[in-house]
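Have the viewer open as you read.

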Amino acid sequence: MEKSRAVMSGKQKAIMAVIWVLMAFLAILTIFPVVYIILGSFKSNVELLVGGSNIFPSEWHPENYVQAWTGAKFATYTWNSVTISVCVMLISLFISTMAGYVFSRSHFPGKNLIYGIFVAFMFINVGSVSIRPLYELATALHLNESLLPIVLISVGTGQATYIFLSRGFVDSVPKELDEAAKIDGCTFFQTFIRIILPVLKPVMGTIALLSFRQGWNEYIMPLVFTMARDNLRPLTVGVNMLKATGGGAAAWNVMFAGASIAVVPMLIIYILFNKNFMSGSTAGAVKG
Amino acid sequence: MSNKGMKKQVKKEDRRDRISAILMLSPVVFLLLICSIYPFLWMFRYVCYDYNGFSATFTGARNFTRMISDTTFWSSVGHTFEYAFYKLVFIIPLALICAVLLNQKIKGTSVFRAIYFMPTVISSSISGMIFTFIFATQNGILNGILMALGMGAPVQWLTSPDHVMTAVTVLAVWGGFGNYMLYFITGMNVISEDVYEAAKIDGANGVQTFFKITLPMLSPILKVVLMLAITGAFKDYEAIMVLTQGGPGNRSMVMFLYIYNMIFGSGLTNMTQPQIGYGALLSVVAAIIVGLVTIAYQRIARRLDDVM
């Protein structure tokens, strides 16, 4: 870095400055909608309905959040979102690392066929039609009174990527480690728990982040499942329902506060782990 | 222990390992069966039926003839292509430019990269909602800013058929360019520093370096990214569903949103009767359309390979 700066001419420096300004401008554009919604959530409803070009609230109204939290059931929605994303994360972590280990290390007839079906269904996308039979199945089994079907379907639709990530990682672990464990008397499963899982930590971090995000951001599937069950809605559904049912001059301040509640936790996680998020997303795409 | 006994022992262990392997694989296979294979087969079951969620009647080829003359569906297919075209035309160059610029030795690149990628961690349903507030005609901040800058009348971003695709495209580009930028950056890291050093010694400037080195060496990555972007654009409907509900007058209705309305009834609150059998047929057709586009793209990409 120092070397290249040393040979930079004045003209190059000017070009770099222009580029920097352009990139900063793009960064402001990118971040603007989020800043707008968060600052707007402190405006009064009257100020929001009048509009204008002011980003900062003229008066700060933190009570919008109280109104959303207690009046508009956002406490329930938040709890549901947290439950769904944590469960999706834990289940995904457990079953996909296990599957990645089996696909990498075990040999049994039909293994490659099963793997091929996983790959095939990553490319087959039929859209929302697949939610219908699952909804009918959950209703028939009386599971639609709980968050369980939402969690399981979210895990089921996301697991393929995580399995590929895990398998790729286990493939890179030297086989001598397993063999040593086997000689020491470890069974296949014990080898997984004691030897492989500790080595898998980096890829588990990636899977944890990606699956948490997936659970938190899920929208259409929980929308269908909670159509008649207000108390099971996650934040994404709750805030959009509020908008749809409120009509024209609805409480924009509550909707802004609700949208902020839905976005801010994810943003905090992103700020803390942005490097892992970015490496995880490309790894998933390249492997998938 | 005799040789024979040891063999037996090994065999027994192998068998036990195999059983535990199958047990360990069973959760993901179970979910694959329930969440992917079962719905896929289910879809074909109702293709020839009229099914509203309660009663199904066999109607033969009627869904098919209806589809042929369903102008709303075919225009939604057209809108899907239109949307994919706009999205790609803006998102790929923007992502590529950002990636190239972030690859320079400029201060703050990691912050810029993190900011550009940020929209991808937000649920598209929430970003769709945020943009309905931004694009609102009377009190939206975009019109507020434009009018403060001297524009006469507010633009009907979401309620005019002339502007709605602009709004949809802006949202799509905002929500996705960081992701594709990251793919490009990952691809560029593979290009060795030596190549750039050599180009520098030969006196190549930034633009020449980009067209003579970065772009050709990036072409395998570019092909993969284009592929992901195309298939992704055809499948987008969540954000559009929240932003415009396909309106005004179906102007922003894309294929998969139309299908959603068939299968679950349109609108969040005023539910129309679902037409699941017809929706299932359209889903099959939509999947075939996406498949054909993918194949067509791969043909074109291969042909380009021969030319280049």
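In chain A, helix α9 (residues 175–183) packs against helix α10 (residues 188–199) at an angle of about 130°, their axes being 10 Å apart. Axes here are lines fitted to C-alpha atoms, for helices over the stretch in contact, with angles from 0 to 180 degrees between N-to-C directions. That angle makes α9(A) oblique to α10(A), since under 35 degrees counts as roughly parallel, over 145 as roughly antiparallel, 65 to 115 as roughly perpendicular and the rest as oblique.

The table lists the residues that form the contact (C-beta atoms, placed from the backbone, within 7 Å).

| Helix | Contact residues |
|---|---|
| α9(A) | A:Leu177, A:Asp178, A:Ala181, A:Lys182 |
| α10(A) | A:Thr191, A:Arg194, A:Ile195 |

This is a predicted model, in which local features need pLDDT of at least 70 and side-chain atom pairs count only at pLDDT 80 or more, while totals for chains, interfaces and linings use all residues. Residues are numbered from 1 along each chain as its sequence is written, and chains are lettered from A and ligands numbered from 1 in the order in which they are written.

Zooming out, chain A has 14 helices and zero strands; these are DSSP runs numbered from the N terminus, helices being H or I of at least four residues and strands E of at least two. The C-alpha trace of chain A spans about 75 × 70 × 35 Å along its principal axes. Among contacts in chain A between residues at least 6 apart in sequence, 75% link residues at least 24 apart.

Terms used
Contact = placed C-beta atoms within 7 Å.
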